[in-house]
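This report describes one protein chain, with attention to its surface and to the confidence of its parts. The sequence and structure are shown first.

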Amino acid sequence: MSKFRKVLKNRNFFFLWLGQIISQLGDRLGQMALIAFVYLRSPGSTMGMAKILSFTIIPVFLIGPVAGVYVDRWDRRRTLYICDLLRAFLVLLIPAFLFYSRSIIPIYVIIFIVFSIGRFFVPAKLAIVPDLVDKNDLLIANSLVNITGMIAAVLGFGVSGVLVEWLGAKSGFYLNSLSFLVSGILIFSIAKKFSSQSLDLRELSCEIVDVLRKSVFQEIKEGILYFIRNKEIRLTSSIMFILWAALGAVYVVMIVFVQNVLNSATKDLGLLVMFLGMGLFAGSVIYGRFGQRVHHYKIIFSSLTLSGIMLIVFTLSISKIGKHTSELQSHHPISY
């Protein structure tokens, strides 16, 4: 704990750390506000939910692979606060002008742009940490960013679900925009001057030639060729693609299922996802401690099998709860 306190006493790192926690909470608020928005527009529609959530995922595949290449060439601090300020402005447009629009296409466009900008924010956040802390504190700083970021994301689902259920989807978007604004201001307040090391003419000439030779498209091409040539990476990527596709379908169906059965837009869903996140966190810790003893293919097979069984148990349990709640409401109707 003393090492964590020492790193947090670093003013610039503290601003980055606090900003990313607020930004994580804002992301969760935005997701819950989107879910509540679809619930208001078309209750029980899996197609409507799938459409709007797809625009939050597509940027991961389209923008994610190239974002890091550009971030390496940009000023990271400027990239971070510009990303946050742009997202704050764009999210604000949804409740201010588009919430009651007949056409949902402008909201699709804004969501896609917001999450595309987020693909630049993530690598810039990871890359700036070495510029803010001493080399001896780098491991502690990265651990602190990753652990607290994961905790903020997991707890954020539960908090966001309750807040959006209580305040409404429109307020959820306003809070999301505010979180990006606060995060951007904190990162803008980072005052460290990034010193450029003095280079002689020969070193500078070599760097210029290297940059010209290895353009952005060249790096992307090298990455694609490496992916094609490496059999293990192709296999792992194929498994991950199938897994995430299946999880995406389950996620959409689960959202609508929980909403219909428990008659709640985001509260119960947020709490459910929060506990799922806790399970993911616990699973990561357990795998890190004992995973080396078992072959990874056996772990993948066992995990998928157990996940399927637990999903069936969850579905049957929540159905019984919903049926019992409906029977109680029919025997004791609430008068308004």
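## Met150 and helix H7

Met150 is a residue of helix H7; helices (H or I, at least four residues) are DSSP runs, numbered from the N terminus. The model is predicted: local features need pLDDT of at least 70, side-chain atom pairs count only at pLDDT 80 or more, and totals for chains, interfaces and linings use all residues. Residues are numbered from 1 along each chain as its sequence is written, and side-chain values use heavy atoms, with hydrogens and water left out.

Met150 has a relative accessible area of 37% and is therefore partly exposed, a class that lies between buried (under 20%) and exposed (over 50%), with a 1.4 Å probe and protein chains only. H7 has a kink of about 30°, centred on Gly156; the bend is the angle between axes fitted to the seven residues ending there and the seven starting there. Just after H7, Gly168 has a positive phi of about 105°.

## Nonpolar surface patch

Met150 also belongs to a nonpolar surface patch, whose members include Ile147, Leu155, Phe275 and Val285. Together the patch residues have about 820 Å² of accessible area.

## Confidence

The mean pLDDT of the protein chain is 78, and 83% of the residues score at least 70; pLDDT is the predictor's confidence in each residue, from 0 to 100. Among the elements, helix H8 (residues 169–188) has the highest mean pLDDT (91) and helix H9 (residues 201–213) the lowest (48).

How values were computed. Helices (H or I, at least four residues) and strands (E, at least two) are DSSP runs, numbered from the N terminus. Patches are made of residues with over 30% relative accessible area and no salt bridge: like charges are joined within 9 Å, nonpolar side chains (Val, Leu, Ile, Met, Phe, Trp, Tyr) within 5 Å. Accessible areas come from the Shrake-Rupley method with a 1.4 Å probe; for residues, only the protein chains shown count as cover. A salt bridge is a side-chain nitrogen of Lys or Arg within 4 Å of a carboxyl oxygen of Asp or Glu.
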